[in-house]
Amino acid sequence: MQKAKNLKEYREELHESLDNDFLRTTLDNFAVAYRAGRANAFKDIDVRALIREIADSKDDATARFDELYKQFKANAEASGAHVHFAKDADEANAIIAGIAKASDCKKIVKSKSMTAEETLLNHALEDEGLEVVETDLGEWIIQLRHEGPSHMVMPAIHLSRYQVGDLFSEVTGKKQDAEIEKLVKVARRELRQKYVEADMGITGANFAVAETGGIGLVTNEGNARLVTTLPRVHVALMGMDKIIPSLHDALRILKVLPRNATGQAITSYVTWITGANECATGTDGKKEIHYVIMDNGRSEMSKDPLFSQVNRCVRCGACANVCPVYRLVGGHKMGHIYIGAIGLILTYFFHGKDKARNLIQNCINCEACKDVCAGGIDLPRLIKEIHARIQDEEGHPLPSLLLSKVLKNRKLFHTLLRTAKWAQKPVESEGFIRHLPMILGKEHGFKALPAIAEKPFRDRWPDIRPNIANPKHRVALFSGCVQDFVYPEQMEAAVRVFEANDVSMEYPMEQSCCGLPVQMMGEMKASRDVAVQNLRAFETGDYDYVITLCASCAAHLKHNYPKLMKDSPSLTLKAQQFADKVIDYSSFVHDVLKVKAEDFKKTDIKATYHAPCHLCRGLDVHDAPRELIETGGMEYVECDEEEVCCGFGGTFSMKFPELSSELLRKKLDNVEATGAEVLLTDCPGCIMQLRGGLKTKGSSIQVRHVAEVLADNKK
Amino acid sequence: MSSKESLSQTFTEKAKLVSAFVTEIASEEEALSHVLDLCGKKEACQLLVSGCERDLSEKAENLCDAKQSKIIAAPGLKKDLYKKLEAKCKKSGFECIDSGLRDHLAGVDIGFTFADYGIAETGTLMIDCPSEDLRLATMVSEYHICILPKSKIRKDSYSIEKMMLTRMNKTPDYMAYVTGASRTADIERVLALGVHGPLELHILLLED
């Protein structure tokens, strides 16, 4: 639940989670176990193709909602069920309370429903004097504790067996041991009588199948089966997004949902209910069935060309399972009611911008969620869009306004960087700044900040530009700000290897920042303006490739530039042509130049690797850099959780230093455990973070760009 | 290997992965002996079901007290097979029922049913159970024993889609995919079997 009024309060709440050792250990174990479990569950399946099919079928269902709803309603009613439509949460709750009243129901058992959590249904029904009991074990636990879920699939993951033991002792009035097996049995027996007494059962629905007029429920415990069988009235509350054309569509989702949620091939039970089935205690021996289909912000999303993809969500919770921020702070802080990346988005549409305002900024843009989403939703992008929308509606904070103003004017931006070089002089030592700038507080002290280089790459270029007589490839270099002004030696290293491989290079001087930092701050307009400048800077040359040594720049240029230009047809084409040429350093050297081991000196240096988020997920590059390490004369040692974010996230590390430092700590612990002398990576942002952290720690491990060691070892 | 045998092998492998017990049987008679045998070996419901050794609130304990002898529920069985089961139960001193499951909501020892189809890919049973008694037998039993004829095993859920639709179109319908025993990992992500449904699932693969 989000209660914080501003970012400062929100950050204070985050600290509570960071200090909760039990939560941290549980979520750490879960993150690691989940990754292995999911991979195993999908091992014989073409998961990307399956996700594509789900995305297409859900998009089709969203577009045809009116027609499918009509079909669902007609079929459901023909089979004896009642169908209601609720425009918002209050209306849905009122409809259900009305059904209880009309059918004289007093006691209600419920199986797990995120939609009911969304509408705060229990509170509404209790206000009407009805008794509501959750029967899913986790939901029952949090209901007894008067809490919201901290995970969509495992709502009580934040609690220990001891906390549950104490809670159950209170509930039964007898002392209960903190043994999980026993606690489960206590719930089994305590809840069994609740089913017997109840006259209404409430469930959600995973599928509402238009061609049959029936619903499907995906569960493990078996409570939904009892909830839909024993009471004489059954109400299923679901969002409009649950309506799909056919049983086949449901079976397809079922192939991904449990595998993505918990790594199970399928859940223990999948229940298919079609029509008013037999019920001994019902009128005429039949059950009274009501389907309540709710809008509550969904049709607004459906109509939006960008956000309609949100309706693809099948509520598997995988986006939280892989989120490094969720792993640190848990679901109560990484969501309002819905959790994880999708939670950040749904909170804005379902619960309004007051609840979303702080939350939406807590995305490090590592794309881990996008990589596993069952519906192939571009979650990080949508999160940024909402961030931008809120800022457009409410005004932009000063730092983000300033940065966008500066970035839009390349000359001003570069002049400021050059000026900073002089300003930092008195506090500079060995490439780091000795004291943190005044504007940064103590919490930024976890990493040393790099100093700005003596001479930026753009000023060195005229002197070092090689002349290639018979070029095999013609390329343009895109340096990005960090390598231009902080680590120009990395660019120079790349130039040396390219020169040796007959690559002719240009460095268009009008290039500027790629724009990702301002986009991360929700400054979409500035992001677009900067992108246009860069497109112009590169449009004159006839290049085979545009090469960048920064994974984040590469992913941004490649994937976001065409999207940013979508309102201008002529620029869209230009951006696409430009994007098609963009390639990262390691892929270019490995896949295009195809360098050979005999070109490099053999060393006995052990090197490990950090996979930048925007390289491994953003560009789907995995093998190239690791093979280059071996080709380049070093021994590659694998690091644990190599593809997990280092915590930099550009401006994220400035906004949430406490989260950034924790992610960095984990990363460095894993790196140190490898025993490697050198840590290699493909992104200057990651290098800044990793070097700064190791320097502060006093470690001797060297952090270098892959390009640097290849240049060093080149024969 | 025939496709029937290879499907049956995959089914068995996948069902065992989710802790189902799979036994091959040659005849329905053999199934009955298996049911009686399991019922005899199984601890009485009061002890096992729900951890009767645990102290509970009064109301919950009262419900549990309602159950005294060992019960086998077998609604939906063919008449002659049920008659044979009934006779065997009588001999062993078990109560045998095929209806009125609502009088036994504290639990029955064994629910004995037939599956309509098996899904090899996931080791899943498809049980069409529009009859409330049949449904309850698969829910409130502590052990669910289910016969699956080998000829009814199909590759994946898509391959029984048509059969499912035929049944769903004959409304009202209530159908279940059952894969392993009832389970939860809601406390500390530790797997525990037997939350609200059966504690054990026994699948009898019938050669046919």
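Q: In this predicted model, is the crossing of helix 24 of chain A and helix 35 of chain A left-handed or right-handed?
A: The two helices, with residues 488-500 in helix 24 of chain A and residues 706-713 in helix 35 of chain A, pack with their axes 8 Å apart. Seen as a crossing, helix 24 of chain A and helix 35 of chain A form one that is left-handed.

Q: How do the residues of the contact of helix 24 of chain A with helix 35 of chain A divide into nonpolar, polar and charged?
A: On the side of helix 24 of chain A, the residues that meet helix 35 of chain A are Glu489(A), Gln490(A), Ala493(A), Ala494(A), Arg496(A) and Val497(A), and their partners in helix 35 of chain A are Ala707(A), Glu708(A), Leu710(A), Ala711(A) and Asp712(A). Sorted by class, the residues of this contact are six nonpolar, one polar and four charged.

Q: Is helix 22 of chain A roughly parallel or roughly perpendicular to helix 24 of chain A?
A: Helix 22, which covers residues 457-464 of chain A, packs against helix 24 of chain A with axes 10 Å apart and an angle of about 30°. The crossing of these two helices is right-handed. Because angles under 35 degrees count as roughly parallel, the arrangement of helix 22 of chain A and helix 24 of chain A is roughly parallel.

Q: How many charged residues are in the contact of helix 22 of chain A with helix 24 of chain A?
A: From helix 22 of chain A come Phe457(A), Arg460(A), Trp461(A) and Ile464(A), which meet Pro488(A), Glu489(A), Met491(A), Glu492(A) and Val495(A) in helix 24 of chain A. Divided by class, this contact has six nonpolar residues and no polar ones, and the number of charged residues is three.

Q: Is Ile468(A) buried or exposed?
A: Ile468(A) is found in the loop between helix 22 and strand 13 (473-478) of chain A. Leaving out residues up to four places away in sequence, Ile468(A) touches Glu499(A), Asp502(A), Val503(A) and Ser504(A). Its relative accessibility is 15%, and because buried means under 20%, Ile468(A) counts as buried.

Q: Is helix 20 of chain A roughly parallel or roughly perpendicular to helix 21 of chain A?
A: Helix 20 (residues 398-408) and helix 21 (residues 410-424) of chain A pack with their axes 5 Å apart, at an angle of about 110°. Because angles from 65 to 115 degrees fall in one class, helix 20 of chain A stands to helix 21 of chain A as roughly perpendicular.

Q: Is Asn296(A) buried or exposed?
A: Most residues other than glycine have a negative phi, whereas the phi of Asn296(A) is positive, near 50°. Asn296(A) has its place in the loop between strand 10 (288-294) and helix 13 (298-303) of chain A. With a relative accessible area of 10%, Asn296(A) is buried.

Q: Which loop holds Asp620(A)?
A: Asp620(A) has a positive phi of about 60°, although it is not a glycine. At 48% relative accessibility, Asp620(A) counts as partly exposed. The place of Asp620(A) is the loop of chain A between helix 30 (613-616) and helix 31 (623-631).

Q: Which residues does a cis peptide bond join in chain B?
A: Most peptide bonds are trans. In chain B, Pro172(B) lies in the loop between helix 7 (161-169) and strand 9 (173-178). The cis bond, with omega about -5°, joins Thr171(B) and Pro172(B).

Q: Which residues of chain A does Val190(B) touch?
A: Val190(B) is found in the loop between strand 10 (183-184) and strand 11 (192-193) of chain B, and at 32% relative accessibility Val190(B) counts as partly exposed. Not counting residues up to four places away in sequence, Val190(B) touches Thr184(B) and Ala185(B) in chain B and, in chain A, Arg161(A) and Ile180(A).

Technical notes. Residues numbered from 1 in each chain as written. Chains lettered and ligands numbered in written order. Predicted model: local features only at pLDDT ≥ 70, side-chain atom pairs only at ≥ 80, totals over all residues. Heavy atoms only, no water. Helix = DSSP H or I, 4+ residues; strand = E, 2+ residues; numbered from the N terminus. Buried < 20%, exposed > 50% of the residue type's maximum accessible area, 1.4 Å probe, protein only. Axes fitted to C-alpha atoms, helices over the stretch in contact; angles between N-to-C directions. Left-handed = near helix turned anticlockwise from the far one by under 90°. Contact = heavy atoms within 4.5 Å. Nonpolar A, V, L, I, M, F, W, Y, C, P; charged D, E, K, R; others polar. Parallel < 35°, antiparallel > 145°, perpendicular 65-115°, else oblique.
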